[in-house]
Amino acid sequence: MSNKVHEYRGETITVRFDGSKCIHSRNCVLGLPSVFQANATEPWIQPDNGALEDIVAAAHNCPSGAITYERLDGGPAERKPEINVIRVLENGPLAVHADLRIQGHEPTTRATLCRCGASKNKPYCDGSHTTTGFAATGEPATEASEALEARGGRLEVTPFPNGPLGIAGNVEICAGTGRTLNRTTRSALCRCGHSQNKPYCDGSHNAAGFTTD
């Protein structure tokens, strides 16, 4: 386990927090403040202050995957979603909910991936879009697409060096509000912040001199 991950053990559940992935969506502290205590000194997560199922739901509502859990009551682990979805967030990252395999990283079901180009924790978002003033709509135009025969299964993401995010697998790309933008099994998504066709790559990373080092 990464030394960036902190564990908070309760009687029925262990909650883990990976600060390197957190985008401060605040879903946890707003949804379950008795457990996730904003601005508190350590330990800021108190698993015994809430019902187990409420904590599980709060973890599932964390778009970045920064919050995960291990049930100690013999209950089920987090299930892989039936529908793989990538949401394009307004002026922000790509929020992925899928049976996700990001090249070079541990399997997960939730992640927020940088699309501004400025993150110091690529391919993950680190909130740099807020300090750089990144502006990109979360409501791009819908493209004509056919319904997928299968909507789940493994979604592979390949962060190409100095280039886009290669996507392979069944996925629905959606606006931040949930509107379907595209249904596809293969795509290249911009992560340099310069594409004129966001969220898709148009090759602008070459002219922009984008680097992922």
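User: In which loop does Pro-199 lie?

Analyst: Pro-199 lies in the loop between strand S9 (180-189) and helix H4 (204-208). Helices (H or I, at least four residues) and strands (E, at least two) are DSSP runs, numbered from the N terminus. The model is predicted: local features need pLDDT of at least 70, side-chain atom pairs count only at pLDDT 80 or more, and totals for chains, interfaces and linings use all residues. Residues are numbered from 1 along each chain as its sequence is written, and side-chain values use heavy atoms, with hydrogens and water left out.

User: What makes the bond between Lys-198 and Pro-199 a cis peptide bond?

Analyst: Omega is about 10° for the peptide bond joining Lys-198 and Pro-199, which is cis. A cis peptide bond also joins Lys-122 and Pro-123, again with omega of about 10°. Pro-123 is placed in the loop between S6 and helix H3 (128-132). Most peptide bonds are trans.

User: Why is Val-35 called buried?

Analyst: Its relative accessible area is 0%, and buried means under 20%, exposed over 50%, and partly exposed in between (1.4 Å probe, protein chains only). Val-35 is therefore buried. This residue lies in the loop between H1 and helix H2 (52-60). Leaving aside residues up to four places away in sequence, Val-35 touches Trp-44, Ile-45, Gln-46, Pro-47, Asn-49, Gly-50 and Ile-55, where contact means heavy atoms within 4.5 Å. Val-35 and Ile-55 are 20 residues apart in sequence, with a C-alpha to C-alpha separation of 7.8 Å.

User: Why does Arg-26 count as partly exposed?

Analyst: The relative accessibility of Arg-26 is 45%, so it counts as partly exposed. Arg-26, in the loop between S2 and H1, has a positive phi of about 70° although it is not a glycine. Asn-162 likewise is not a glycine and has a positive phi, of about 60°; its place is in the loop between strand S7 (154-159) and strand S8 (165-175). At 32% relative accessibility, Asn-162 is partly exposed.

User: How do you know whether the radius of gyration of the protein chain agrees with that of a compact globule?

Analyst: The radius is taken over C-alpha atoms, and the globule rule is 2.2 Å times the number of residues to the power 0.38. For 213 residues a compact globule would have a radius near 17 Å; the protein chain has 18 Å, which agrees. Buried residues make up 47% of the 213 residues.

User: What makes a region a pocket, and which residues lie nearest the centre of the largest pocket?

Analyst: On a 1 Å grid over the protein atoms alone, a pocket is an open set of points where a 1.4 Å probe fits, with protein on both sides within 12 Å along at least five of seven lines; lining residues have an atom within 4 Å of a point. The largest pocket is lined by 27 residues, of which Lys-21, Thr-68, Glu-106, Pro-107 and Thr-108 lie nearest its centre. Its lining divides into seven nonpolar, nine polar and eleven charged residues. Here Ala, Val, Leu, Ile, Met, Phe, Trp, Tyr, Cys and Pro count as nonpolar, Asp, Glu, Lys and Arg as charged, and the others, Gly among them, as polar.

User: How many residues of each class line the second largest pocket?

Analyst: The lining of the second largest pocket has 13 nonpolar, eight polar and one charged. Helix H1 (residues 27-31) gives the most to this lining, with three residues.
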